[in-house]
Amino acid sequence: MMQVARKSMLKSSASAAMWRTVSTTTQEIRIYEVGPRDGLQNESKFVPTEMKVELIHKLSNAGLKHIESASFVSPKWVKQMSDATDVMKTIKRVPGVNYPVLIPNLKGYETAKACNIEEVAIFPSGSEGFSQKNLNCSVEEGLRRFKLVAEQAVKDGIRVRGYVSCVVGCPYDGPISPKAIAKITEDLLAMGCYEVSLGDTIGVGTAGSVRRLLREVLTVARPDTIALHFHDTYGQGLSNLLAGLEFGITTVDSSISGLGGCPYARGATGNLATEDLVYFLYGLGVNTNIDLVKLIEAGRYISNFLSKPTESRVNRAIGDRIKNYEEIVKMAACTI
């Protein structure tokens with residue numbers, strides 16, 4: 001009975017939030033940078049440890065406070081992350097900056113724990129097809145495995161974040177039921193996750209499908225426990241974000257230079273570019289405390305090494321012609 005009442009209250013809260021103007025719900029946005037991990041994991045050209053470390057330093061120097069830095073998965077499956085221990089032991093940690101890592105199982109957790117981590121992320125799939133390809137198990141079995149990690153991390157005083165992949169569409173199963181994603185979200189919160197990031201892994205979502213998803217998810221979770229993670233395959237990342245902000249969600253994942261992709265999601269391109277996100281937020285008058293000029297430089301640093309053009313439209317448009325980020329703030333807000 002209490003659970004029904006709770007869901008009813010959450011549903012009413014979600015409806016109320018949706019009708020607020022975006023300006024009243026976005027005084028501050030928490031940007032969760034995933035470039036050093038999610039952005040690089042699908043790159044065939046190996047990025048040396050020292051370059052990964054320097055990229056992380058550039059991102060923190062630009063003002064980012066949450067930088068997902070490595071993944072403790074098997075090097076057999078993701079060679080790019082084979083130096084995770086070296087990366088985490090080499091970075092110069094800035095006070096007030098969070099350096100979370102991705103964890104697949106208890107073995108990976110124990111290895112990561114030795115690197116003095118403060119936060120881990122677990123990543124069940126929202127679809128059976130993707131779960132089999134990415135985790136080699138069913139959704140239910142994946143949740144059981146991750147529960148072991150979450151329980152141990154909570155016991156050790158380490159924060160746990162949850163990801164759910166393929167929240168609106170799957171390359172193997174097609175469209176995904178919002179109710180299924182809501183159930184997985186509820187399970188992750190119950191096992192100790194302080195936040196669940198909803199990932200449109202193949203970038204097929206639109207503002208309409210994102211709204212339908214959030215109406216369901218916010219019957220079991222508060223907006224402050226949900227994050228949004230959009231891939232920009234169809235150029236819908238920012239419009240999907242705007243739809244999410246209508247519901248009072250204030251945490252957004254993004255990747256420097258729009259890097260990203262997934263070896264098990266053919267055709268999926270990179271994440272929403274951090275540079276584009278910051279410019280967008282400048283225009284909304286949201287205080288990011290991020291220096292976009294330094295961010296652009298970080299994007300060019302990694303893109304130049306990878307010998308590929310940046311996927312950030314803002315990075316391409318601004319380049320190195322503006323030296324003071326406050327000028328960009330004025331330009332984005334169309335103020336004189």
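Trainee: Which residue in β10 is the bridge partner of His229?

Mentor: That partner is Asp253. Keep in mind that we are reading a predicted model. Now step back to the strands: β9 (residues 226-230) and β10 (residues 251-254) pair in the parallel sense, over two bridges.

Trainee: What packs on the sheet there, touching β9 and β10?

Mentor: Helix α11 (residues 237-245) does, and it touches β8 (195-200) as well. The direction of α11 makes about 165° with that of β9.

Trainee: In what order do the strands of the open sheet come?

Mentor: Follow the pairings from one end to the other: β1-β10-β9-β8-β5-β4-β3-β2, eight strands in parallel pairing. At the edges stand β1 (30-33) and β2 (70-71); each has a single partner strand, so one side of each lacks a neighbour in the sheet.

Trainee: How many bridges join β8 to β5, and how many pair β8 with β9?

Mentor: Strand β5 (residues 159-164) runs parallel to β8 and is joined to it by four bridges, with Val164 opposite Leu198. On the β9 side there are five bridges, again in the parallel sense, and Ser197 has Ala227 as its bridge partner. Between β8 and β9 the chain passes through helix α10 (residues 207-217), making a right-handed β-α-β crossover.

Trainee: Are the residues of β8 buried or exposed?

Mentor: Buried counts as under 20% relative accessible area. In β8, six of its six residues are buried. Glu195, Ser197 and Gly199 point one way, while Val196, Leu198 and Asp200 point the other way.

Trainee: How should I read the salt bridges, and how many does the structure hold?

Mentor: Look for a side-chain nitrogen of Lys or Arg within 4 Å of a carboxyl oxygen of Asp or Glu. The structure holds 20 of them. One of these joins Arg37 and Asp38 at 3.8 Å, N to O; Arg37 is buried at 6% relative accessible area, and Asp38 is buried at 5%.

Trainee: Which parts does the pair Lys179 and Glu216 tie together?

Mentor: Their closest N and O atoms are 3.5 Å apart. Lys179 sits in helix α9 (residues 178-190) and Glu216 in α10, so the pair links parts 37 residues apart in sequence. Lys179 is exposed at 57%, whereas Glu216 is partly exposed at 23%.

Trainee: What distance separates N and O in the salt bridge of Arg211 and Glu246?

Mentor: There the distance is 2.9 Å. Arg211 belongs to α10 and Glu246 to the loop between α11 and β10, so parts 35 residues apart in sequence are tied together. Finally, salt bridges with shared partners join Arg30, Arg161, Glu195 and Asp253 into one network.

Conventions. Residues numbered from 1 in each chain as written. Predicted model: local features only at pLDDT ≥ 70, side-chain atom pairs only at ≥ 80, totals over all residues. Heavy atoms only, no water. Pairing = 2+ DSSP bridges. Contact = heavy atoms within 4.5 Å. Axes fitted to C-alpha atoms, helices over the stretch in contact; angles between N-to-C directions. Buried < 20%, exposed > 50% of the residue type's maximum accessible area, 1.4 Å probe, protein only. Right-handed = clockwise from strand over helix to strand, strands pointing away.
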